[in-house]
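I opened the notebook on this model to look up its pocket and its ring contacts. The entries follow in the order I checked them.

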Amino acid sequence: MINNFKTAEELMRARYSAFETGDIDFIVETHHPETKVDMDVEETKKWALESEWIGLEIVSTEEGLECDKEGIVEFKASYKENGKDIVHHEKSKFIKVDGQWLYYGWLPLQGTIVKEEKIGRNDPCLCGSGKKYKKCCAK
């Protein structure tokens, strides 16, 4: 896979679009190999397809430009799940490998609510790993 995204933010926007359209292959392909092993592809696909994606807001970016090797994109992705409005708030780390931006994982948010609703044990994890919350960050 070759991606031609010049910035980490461009890749972030493309990954959001892939969630909207259910293009899980793109999500997997643009995930850094070191962190891809922790990804539950089936749960990610289920979450993407069963959610109604409403919008993406880029909150901030740190580095992640064409000349950088790493970058951080903080965003809020709004969606409906089981008829409930949800905002997924994440600070994502991106790393450039062989000239291509890849999603590396999420960083802790300080002083913010990650999901504006109580998360259930069987809900998708807030970090976007695709695993159930109880098997990921709830541990």
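I take a pocket to be an open set of grid points with protein on both sides within 12 Å along at least five of seven lines. A volume is the space filled by probe spheres set on the points. The model is predicted.

**Pocket.** I looked up the largest pocket and found about 150 Å³ of space in it. Its lining consists of Glu43, Lys46, Trp47, Glu50, Glu81, Asn82, Asn122, Asp123 and Pro124. I sorted these residues into 5 charged, 2 polar and 2 nonpolar. Helix 4 (residues 41-50) gives the most to this lining, with 4 residues.

**Ring pairs.** I then turned to the aromatic side chains. The structure holds 8 aromatic pairs. One of them joins phenylalanine 19 and tryptophan 47 edge-to-face, at 5.4 Å centre to centre and 65° between the planes. Phenylalanine 19 lies in helix 1 (residues 8-21) and tryptophan 47 in helix 4, so this pair ties together parts 28 residues apart in sequence. I checked burial: phenylalanine 19 and tryptophan 47 are both buried.

Next I looked at tryptophan 53 and tyrosine 79. Their pair is tilted, with 4.9 Å centre to centre and 35° between the planes. It links strand 1 (residues 52-63), which holds tryptophan 53, to strand 2 (residues 70-81), which holds tyrosine 79, across 26 residues. Both tryptophan 53 and tyrosine 79 are buried.

Which residues do ring pairs link into a cluster? I noted Tyr16, Phe19, Trp47, Trp53 and Tyr79.

**Charge over ring.** Last, I looked up lysine 93. Its charged end sits over the ring of tyrosine 104, 5.4 Å from the ring centre.

Terms used
Residues are numbered from 1 along each chain as its sequence is written. This is a predicted model: local features need pLDDT of at least 70, side-chain atom pairs count only at pLDDT 80 or more; totals for chains, interfaces and linings use all residues. Side-chain values use heavy atoms; hydrogens and water are left out. On a 1 Å grid over the protein atoms alone, a cavity is a set of points where a 1.4 Å probe fits but cannot get out, and a pocket is an open set with protein on both sides within 12 Å along at least five of seven lines; lining residues have an atom within 4 Å of a point. Helices (H or I, at least four residues) and strands (E, at least two) are DSSP runs, numbered from the N terminus. Ala, Val, Leu, Ile, Met, Phe, Trp, Tyr, Cys and Pro count as nonpolar, Asp, Glu, Lys and Arg as charged, and the others, Gly among them, as polar. Rings of Phe, Tyr and Trp (its six-membered ring) pair if their centres lie within 6.5 Å; planes under 30 degrees apart count as stacked, over 60 as edge-to-face and the rest as tilted. Buried means under 20% relative accessible area, exposed over 50%, partly exposed in between (1.4 Å probe, protein chains only). A charge sits over a ring if NZ of Lys or CZ of Arg is within 6 Å of the ring centre and within 35 degrees of the ring normal.
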